[in-house]
Structures are given as C-alpha cells and as structure tokens.
Amino acid sequence: MFQSRIKLRVRYAETDRMGYVYYGNYATFFEVARVEALRELGFSYRNLEDSGILLPVTEYNIRFLKPAFYDEEVDIFTTIPVIPGARIRFDYETRRGEELLNKASTELVFINKESGRPMKCPAEIIEAISLKGLNR
C-alpha cells in the first residue's frame, strides 16, 4: 500500500455562505492530492498524457464527517490500496490535525489515447507503487 500526504490551506473562494468548504471543491482537492501522489512515485499526468495514456475518473465517492473552514490548514492523505490493473483506486482522508473531516475514493481507468480503449497500468507504475509501498 502506497500513501502520500499534502497540506492545503482553505481559501476564502472555496467556502460557501455557511463558511464551510463547499462540497464540490473536494473533488479539486483530491485531484491535487492524486497528481502529487503520482509525482511522488515519479510520474506526472502531463508525461502520461503526452505518452498516450489518459486517466479519466470513472467513480467518485465521499463521506462527510465534519466541515473544514476558511484559512484552516488541512492534510489530505492519499492511498493507493491495491496494485492497479486497468483501473487504479485512490483513497483519501482529509484531516485537520488528528480530526478526520471526510473519507473519499476515486477510481480511474487507464485509456490508450489512440484507440480510446482501456489498457493495463504501465509496468513502471506498478513497480513504483510496489517499491514505495514496501519502503513505508
């Protein structure tokens, strides 16, 4: 299992009238966390796309427990819980210190840009997940 962590500060524009982080903004937070997790593994979305691999989201789930507020720092922990095949799953936990604010997951599918068809996860990504996951 591979895990990474990013820290975000909630911006005013990301909150709603109640002062809570607007629920739709969490998808963007998780995208930032996912991109950084892949970067930590040695891969960038840009390079994957340039090499002909697309990664559209096919599923997104979230369970809200507590709100985050303007100007708070939150940590997003991103986990790749299983070795990917044609799909890759990312699990997320948003925390304010030790306090769990939400849990979420996304599933993405590896798509060959030329054919538009699903493909297996590249071997080098599987290797990086395996190696980094074992070294934690």
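**Figure 1. Aromatic pairs in the predicted model.** This predicted model contains eight aromatic pairs. One of them joins Tyr20 and Phe69 in an edge-to-face arrangement, with 5.5 Å centre to centre and 80 degrees between the planes. The two residues belong to distant parts of the chain, 49 residues apart: Tyr20 lies in the loop between strand 1 and helix 1 (25-40), and Phe69 in the loop between strand 3 (57-64) and strand 4. Tyr20 counts as partly exposed because its relative accessibility is 34%. Phe69 is likewise partly exposed, at a relative accessible area of 31%.

**Figure 2. The stacked pair of Phe30 and Tyr92.** The ring centres of Phe30 and Tyr92 are 4.5 Å apart and the planes stand at 20 degrees, so this pair is classed as stacked; the cut-off for that class is under 30 degrees. Distant parts of the chain are linked here as well, with Phe30 in helix 1 and Tyr92 in strand 5 (residues 87-96), 62 residues apart. Phe30 and Tyr92 are both buried.

**Figure 3. The aromatic cluster that includes Phe30 and Tyr92.** A single aromatic cluster is formed by Tyr26, Phe29, Phe30, Tyr60, Phe64 and Tyr92.

Figure 4. Thr94 is located in strand 5. Its relative accessible area is 0%, and Thr94 is therefore buried, the limit for this class being under 20%. Through its side chain, Thr94 makes a polar contact of 2.8 Å with the side chain of Asn102. When neighbours within four places in sequence are set aside, the residues in contact with Thr94 are Tyr26, Phe30, Val74, Asp75, Ile76, Glu99, Leu100, Leu101 and Asn102. Among these contacts, Tyr26 and Phe30 are also members of the aromatic cluster.

Figure 5. The side chains of strand 1 (residues 2-9) alternate between two faces. Strand 1 pairs with strand 4 (residues 73-80) in the antiparallel sense, over eight bridges.

Technical notes. Residues are numbered from 1 along each chain as its sequence is written. This is a predicted model: local features need pLDDT of at least 70, side-chain atom pairs count only at pLDDT 80 or more; totals for chains, interfaces and linings use all residues. Side-chain values use heavy atoms; hydrogens and water are left out. Buried means under 20% relative accessible area, exposed over 50%, partly exposed in between (1.4 Å probe, protein chains only). Helices (H or I, at least four residues) and strands (E, at least two) are DSSP runs, numbered from the N terminus. Two strands pair if DSSP finds at least two bridges between them. Rings of Phe, Tyr and Trp (its six-membered ring) pair if their centres lie within 6.5 Å; planes under 30 degrees apart count as stacked, over 60 as edge-to-face and the rest as tilted. A polar contact is a pair of N or O atoms within 3.5 Å; within protein, one must be able to donate a hydrogen and the other to accept it, and residues adjacent in sequence count only if both atoms are side-chain atoms. Contact means heavy atoms within 4.5 Å.
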